[in-house]
Amino acid sequence: PDPEGATPRFEALLAAQANGAHWERALAQIEGATLARCFYLEQKAVLHYGDTNAGKGAFQRVMRKFYGPDETSTVDLAKLGDPTIAVHLLHSKRNLTDETSTKGDPIPDDIFKRAMGGEYFTMKYLYANPFPGRFLGTAFYSVNDFPRTGDRGEAFWRRWVAFLWPNTIPVEDRVLDLDAFIWTEEREGVLAWLFAGLGDYL
């Protein structure tokens, strides 16, 4: 990647949240370490939450492009109890659950803790027998509010790293298909940002 690659749109996307250098550095560390497949060792999921139209969705779509379709999944964390859905985590580096899940069932806390902790839980391919499998990737949850759960204990909430996106981007400042523009015009610089984050993490 070109370390000098300009990323004005990507930088503006993050700067709009006015969360400061520490927030952006932590974001780069986690995304870079996830790309290198080592953040899963932290045994944590990543929660992006905040206002609608704050840009978190565009950010997530850009990040997913770096992983490619063969190493990403979109398993709803509320559906982990279904072995035929959970099996899609098996070869995934990065799983993204989006905002629609907060309106559905709560996250099954016991299976969630086992999955994020790298423990075995039941998976199943369609028309095949169940088997014990593990998720050795990182789960990202992009929502307007905190995920629904019946578990208020420390063991559940310590499995999360949370990033607040507090600021809605004004209509006049929004860019149509921002993620596609960043991927086409700025990906070299964003990849350098990810590598720098990985270096900080290590």
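Student: What should I know before I start?

Tutor: The model is predicted, so local features need pLDDT of at least 70 and side-chain atom pairs count only at pLDDT 80 or more, while totals for chains, interfaces and linings use all residues. Residues are numbered from 1 along each chain as its sequence is written, and side-chain values use heavy atoms, with hydrogens and water left out.

Student: How are helices and strands named?

Tutor: They are DSSP runs, numbered from the N terminus: helices are H or I with at least four residues, strands are E with at least two.

Student: How do I read a sheet, and what is the strand order here?

Tutor: Strands of a sheet pair through backbone hydrogen bonds, either parallel or antiparallel. Two strands count as paired if DSSP finds at least two bridges between them. Here five strands form an open sheet, in the order β2-β3-β6-β1-β7, with parallel pairing. Its edge strands are β2 (72–73) and β7, each pairing on one side only.

Student: How many bridges join β3 to β6?

Tutor: Four bridges join β3 (residues 94–97) to β6 (residues 138–143), and the two strands run parallel. Leu96 stands opposite Phe140 in β6.

Student: How is burial judged, and is β1 enclosed or open?

Tutor: Buried means under 20% relative accessible area, exposed means over 50%, and partly exposed lies in between (1.4 Å probe, protein chains only). In β1, six of the six residues are buried, so the strand is largely enclosed by the rest of the structure. Both of its faces are covered. Ala45, Leu47 and Tyr49 are on one side, and Val46, His48 and Gly50 are on the other.

Student: Is Thr138 buried or exposed?

Tutor: Thr138 is in strand β6. Thr138 counts as buried, at 2% relative accessibility. Contact means heavy atoms within 4.5 Å. Not counting residues up to four places away in sequence, Thr138 touches Thr34, Phe39, Tyr40, Lys44, Val46, Lys93, Arg94 and Asn95.

Student: How do I read a helix with buried residues?

Tutor: An α-helix has 3.6 residues a turn, so residues three or four places apart point the same way. In helix α1 (residues 8–15), Phe10, Leu13 and Leu14 are buried. Seen down the axis of α1, these buried residues fall within an arc of 90°, so they line one face of the helix. The arc is that of the directions from the helix axis to the C-beta atoms. Their cover includes α2 (20–35), α3 (56–67), β7 (160–165), α7 (178–185) and α8 (187–201).

Student: What about Thr7, and what does it touch?

Tutor: Thr7 lies in the segment before α1. Thr7 counts as buried, at 7% relative accessibility. Thr7 touches Glu186, Gly189 and Val190, not counting residues up to four places away in sequence.

Student: At what angle do α3 and α7 pack?

Tutor: Axes are lines fitted to C-alpha atoms, for helices over the stretch in contact, and angles run from 0 to 180 degrees between N-to-C directions. α3 and α7 pack at an angle of about 40°, with their axes 8 Å apart. That makes α3 oblique to α7. Angles under 35 degrees count as roughly parallel, over 145 as roughly antiparallel, 65 to 115 as roughly perpendicular and the rest as oblique. Ala58, Arg61, Val62, Lys65 and Phe66 in α3 meet Leu178, Asp179, Ile182 and Trp183 in α7.

Student: How do α1 and α7 cross?

Tutor: Their axes come within 9 Å and cross at roughly 135°. α1 and α7 are therefore oblique to each other. Arg9, Phe10 and Leu13 of α1 make the contact with Leu178, Phe181 and Ile182 of α7.

Student: Which residues other than glycine have a positive phi?

Tutor: Most residues other than glycine have a negative phi. Gln43 has a positive phi, near 60°. Gln43 is found in the loop between α2 and β1 and counts as partly exposed, at 32% relative accessibility. Tyr127 also has a positive phi, of about 65°. Tyr127 is found in the loop between β4 (121–123) and β5 (131–133) and counts as exposed, at 79% relative accessibility.
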